[in-house]
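Have your viewer ready and your selection tool at hand. We will go from stop to stop, and at each one I will tell you what to select and what is there.

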Amino acid sequence: MPRPRSRLRLADVAERAGVSLTTASRALAGRDGVREEVAERVRRISRELGYVANPHARTLAGGTASTVGLIVHQIDDPYFSEIAGGVVQVAGERDLIVQICHSGRNPQNELRQIRHLIAQRVGVIIIAGSGYVDPRMEAESRAELSAFQDAGGRLTVIGRHFLNADAVRPDNKEGAETVTGHLLALGHRRIAVAAGEMLLSTVADRFAGVAAALAGAGLPSDELPLAQAEFTRDGGRHAAERILRDHPDTTAIVALNDAMAIGVLSALRTHRVPVPHRMSVAGFDDVSFAADLAPGLTTVRLPLAEMGRQALSMALRPPASRPRRKSTGHELVVRDSTGPAPSR
């Protein structure tokens, strides 16, 4: 007979699961050193006993939370640091503590971080950054987060399609269509794309926006040069190298985030390709230093800090009967990295 829920201890979970206290602790924290079947048994029993549920219910009483867990793909990417800044601002106004975790765009790492935050009894989890085109890659995380919400935890996501939660949704497809339309209006027809891996939904959505703009101009999108690499500055440099080698007649490159655009500019500078006179470059996100590059980067502005503020504000509101959706809007910011297409 389990103890009443208000008196549950980790020792009760360990005893029911037939494991040591240390093993139970490691399993619930998502740490290495525990066989997966054992860890799953411990997690299942903890949910059945309500070991995770009561701390959330107590913490969230009155519609507030003492600790917020924020999971981002890459903390040194300005996209995520600016979102984190917005989360921290709202947290400070509410006397909350923010714990930031880094997943590295790896679904298994992300799952471990989710389990760690739940084991730490955070009241709110915010997941910022692209999900995956294949929902099976997020299935385990979705199950853990569903149990977290059932137990009274609050969840908000930024840029995710398949997690059942309040969501802030960047204008990924729409923004990419806008910036590609800008290049088309400048006369560019030989456009290439520097992109992250297509398994990321953000990459797929932004690429779809580029393709839609080309189709609207009567250009075949199936022949669009696409160089995929890591969704980072180094990835942008590698993608630009391939574009210059394999598609030397390209006159404009759309990088699907600003980090890749910075890498593209670096590669073009190395090869002494003048921007924008020989090659135009456009990015996406408008991170804080995009205007300070030489040349200044034409890009799609997303309200990054505001996205973080919205995500935490939504999480702290009473839950709705259905998940709420908040679109970010976008703005085309034209700077010196784009210009008219060069004459042949």
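Start by selecting R121, which is found in the loop between α6 (107-119) and β3 (124-128). Keep in mind that this is a predicted model. The phi of R121 is near 65°, a positive value in a residue other than glycine. With 30% relative accessibility, R121 counts as partly exposed.

Next, pick R272, in the loop between α11 and β9. R272 is not a glycine, yet its phi is positive, about 55°. Is R272 buried or exposed? Its relative accessibility is 76%, so R272 counts as exposed.

Stay in the loop between α11 and β9 (280-282) and select P276. A cis peptide bond joins V275 and P276, with omega about 5°. Then jump to P295, in the loop between β9 and β10 (299-301). Here a cis peptide bond joins A294 and P295, and omega is about 0°.

Now show helix α2 (residues 21-29) together with helix α3 (residues 36-49): they pack at an angle of about 85°, their axes 9 Å apart. That makes α2 roughly perpendicular to α3. To view the contact, select T23, A24, A27 and L28 in α2, which meet V38, A39, V42, R43 and S46 in α3. By class, this contact of α2 with α3 has six nonpolar, two polar and one charged residues.

Finish at α10, where G235, G236, A239, A240 and I243 are buried. They cover an arc of only 135° around the axis, so they lie on the same side of α10.

Note on methods
Residues are numbered from 1 along each chain as its sequence is written. This is a predicted model: local features need pLDDT of at least 70, side-chain atom pairs count only at pLDDT 80 or more; totals for chains, interfaces and linings use all residues. Side-chain values use heavy atoms; hydrogens and water are left out. Buried means under 20% relative accessible area, exposed over 50%, partly exposed in between (1.4 Å probe, protein chains only). Helices (H or I, at least four residues) and strands (E, at least two) are DSSP runs, numbered from the N terminus. The arc is that of the directions from the helix axis to the C-beta atoms. Axes are lines fitted to C-alpha atoms, for helices over the stretch in contact, and angles run from 0 to 180 degrees between N-to-C directions. Angles under 35 degrees count as roughly parallel, over 145 as roughly antiparallel, 65 to 115 as roughly perpendicular and the rest as oblique. Contact means heavy atoms within 4.5 Å. Ala, Val, Leu, Ile, Met, Phe, Trp, Tyr, Cys and Pro count as nonpolar, Asp, Glu, Lys and Arg as charged, and the others, Gly among them, as polar.
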